[in-house]
Amino acid sequence: MSTTTFGWLILLFPLLGCVVIALGFRGERGVSAGVLGSLAIFLSFASAVGALVSLLGRSDSSRELTSSLWSYATTFGVDAKLSILVDPLSVYMALIVSGVSTLIHIYSVGYMKSDRGYVRFFSYLNFFVFSMLVLVLAGNFLVLIVGWAFVGAASYLLISFWYRRTTATRAGLKAFVINVLGDVGLVLGTFFIFRHTGTLDFVRTFHAAPHVFGHNSTDLTAGCLLLLVGAFAKSAQVPLHTWLPDAMEGPTPVSALIHAATMVTAGVYLIARMHPLFELATTAADVGAIIGCATLIIAATIAIVQTDLKRVIAYSTMSQIGYMIMGVSVGAYSAGLFHLMTHAFFKALLFMAAGSLISAMGGEQSLDKMRGFRRAMPFTFICFIIGGLALSGLPPFSGWLSKDDIIAYLDHRGGGFEILGVLGYVGALLTGIYTFRMIFRAFFGEPCEEARELEQGHLHHPESGFNPGTGELEDIDVGFPGPEHHIAERDVAMKVPMAVLAVLAVVGGVIQIPGVDAGIRHFLEPSFAGSRLANLDPSDSSAWIGLIIGAVIGLAGIGIAYRVWIAAPGTSARLQVRFAPVHTFFYNKWYFDELIDFAVVRPTQWLGRFAESVLERGVIAGGVTGGTLGVVRAFSATVRRLQTGFLRYYAAAMLIGVFGMALYFLISA
Amino acid sequence: MPIGWYLVVSALIFCIGAVGVLTRPNPLVILLCLELMLNAANLALVAFSRMWGNQAGQIFALIVMVVAACEVTVGLGLIVAIYRRHLAINVDELNELRG
């Protein structure tokens, strides 16, 4: 089979899975829908592997293939086609997306077993994977935008999956609105670029860009900044990030799949894919790097003080994506994408472990109530430790190699970018602290009641019918934990994917070690062939110095966490009192929600009310439609009087009319 | 005989028909008067056809007869329907269809 055939197959299986599950399994109980969904995604992964093998069999220069299924419109200036681009970058992304998705699907088979929306869940999940693969395989801007919007819609559906829960539906709406803001940015940015290049196709756009755009030309910078708006909204970068923590209202596998491993990395992919444009519009690229760096620091500071387990991981995701955005914006493409992959492994693992822990708590997510689960849940604990060490960047875990790859590049590139590198190290220190704060609080110390129950072999089950987050009464038909719930220790479908990811989180980094091999860089080289920044890699010795510094800093972070939460347990309370204003500021997430509420939501609401009372009622209803109505009414009242109902009047009127006409023609003749 | 006489007769019949339509309240009579008007037109058509030695007018007259037959069918049907509903056979009283 040709390489592009594999590309189409990657897309076909999830789509088929989505449709078949949605139409064929109505009201079905049992796990068959989940098995089918997992199989569909696995076949997609197998096709991605096929595409990889087929690409590796080609020479470096012929690894960029496009294939078009049909044309929507090819008129003057527009070439809208359903086309895919199969090159190392898209295959790399497709492998990560379908691979991690397969594991998360299998995990969900166990985790969601007792949920009444089981079939619906897998249909949505397949739809999401399909959309994400459309996004990464898109061969032109049009298909990219379609995939981009589909992914947002899938995210909305899955965040509001427990649709009777008001917090969930509100979070879904918030995510959707902010994502649509990003879609608008992407569409407008595309237009800025299309206006000059006259083509929607990626390859032709990139070939044309250096000729039609000057260095930092205004239109290109505007276009790239708008593309960045799209990337920021999707990848939860400041200030468009507020939807991501709220999105944790969705089921935990959704958080693992969409809000950690795949969808939120779409912005990173977008910048990497558009690198020929961003290298021309260096201002826009710098904005991307600075925002990424700001996000990684802001999110890390928030993560330190949050008490909701999933939200801590969500802020950590934001922070890590900040690293990736920063990396691909400055030109560390292979490093950024390498971190994307390792992050997908260990963050999905952390979320899965968190899901198991939350199950053990009966839906409760607050770290304040978790304590001492170490002995009760040994498997989950080990997974958490592996994920946490990889996240903190300790050797030999995968996150160590990938995160410091980005920072080493920044330091090597120079020209002011060292500052971002130093801030990256600050972020790494914070990462170590918040990760192990979470682990120490949940797994160490005196076991809480739920942990003690579990040690005696009894899984805690709370009184159902309450929202675990807010304590509100709610409909028990839909919502976690439902009639029963599952933990990894007792469910093989949850255990296997976690074990696989744990192994990957440990060894996933070996394909790119400075001085040993550079698998990802070599594989991705054809995609970044024309780039002048991609080959600007630091020397092996400086990369290793960076790695050692990173490991020391990560260890320091863990040490601080140990000192504060284990060695001297009262320290965190004392620090809270001592730095009360700072704590409040971080705890309230830097007041971003309030700021957006004040700056955007309220003015819009005010404008809406103004438009309703003045424009709608006064001008539209009063003037325009009211005036037209009056004129029509007056005219028809006059005409109506002619219609008397007397037949002979009509006959007379007709005769007189005909005579009049006849006379007129006679006279005029 | 000059054509003028034919046309005078035709015009006379047409006027009688028109006045009948306008003045009589009975729908049956109105139908009869309508027939008069149509046949007046037929007379004129045939007269002209003869004057020009052209058959078109005669065919026209035939078609007008067909139309007249149809019109009478519909008209009489309406009158029967009105009668069956025990309404007055008087066009002045059948004036409900108005604006």
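**Close-up 1. A:Phe523 in helix α21.** In this predicted model, A:Phe523 belongs to helix α21, residues 519-524 of chain A (helices are DSSP runs of H or I, at least four residues, numbered from the N terminus). With a relative accessible area of 12%, A:Phe523 is buried; buried means under 20% and exposed over 50%, with a 1.4 Å probe and protein chains only. Leaving aside residues up to four places away in sequence, A:Phe523 touches A:Leu52, A:Leu55, A:Leu56, A:Arg63, A:Pro88 and A:Tyr92 (a contact is heavy atoms within 4.5 Å). Look for A:Leu89 too: A:Phe523 is 434 residues from A:Leu89 in sequence, but their C-alpha atoms are 8.5 Å apart in space.

**Close-up 2. Aromatic rings.** Over all chains, the structure has 27 aromatic pairs. One of them joins A:Tyr664 and A:Phe665 edge-to-face, at 5.5 Å centre to centre with 65° between the planes. Phe, Tyr and Trp rings (for Trp, the six-membered ring) pair when their centres lie within 6.5 Å, and planes over 60 degrees apart count as edge-to-face. Both A:Tyr664 and A:Phe665 are exposed. Elsewhere, one aromatic cluster is formed by A:Phe381, A:Phe384, A:Phe436, A:Phe440, A:Phe443, A:Phe444 and A:Tyr562.

**Close-up 3. Charges over rings.** A:Arg120 lies over the face of A:Phe161, 4.2 Å from the ring centre. The charged end of A:Lys495 sits over the ring of A:Phe379, at 5.3 Å from its centre. Here, NZ of Lys or CZ of Arg must be within 6 Å of the ring centre and within 35 degrees of the ring normal.

**Reading the labels.** Residues are numbered from 1 along each chain as its sequence is written, and chains are lettered from A in the order in which they are written. Local features need pLDDT of at least 70, and side-chain atom pairs count only at pLDDT 80 or more, while side-chain values use heavy atoms, without hydrogens and water.

Note on methods:
Helix = DSSP H or I, 4+ residues; strand = E, 2+ residues; numbered from the N terminus. Phe/Tyr/Trp six-rings, centres within 6.5 Å; stacked < 30°, edge-to-face > 60°.
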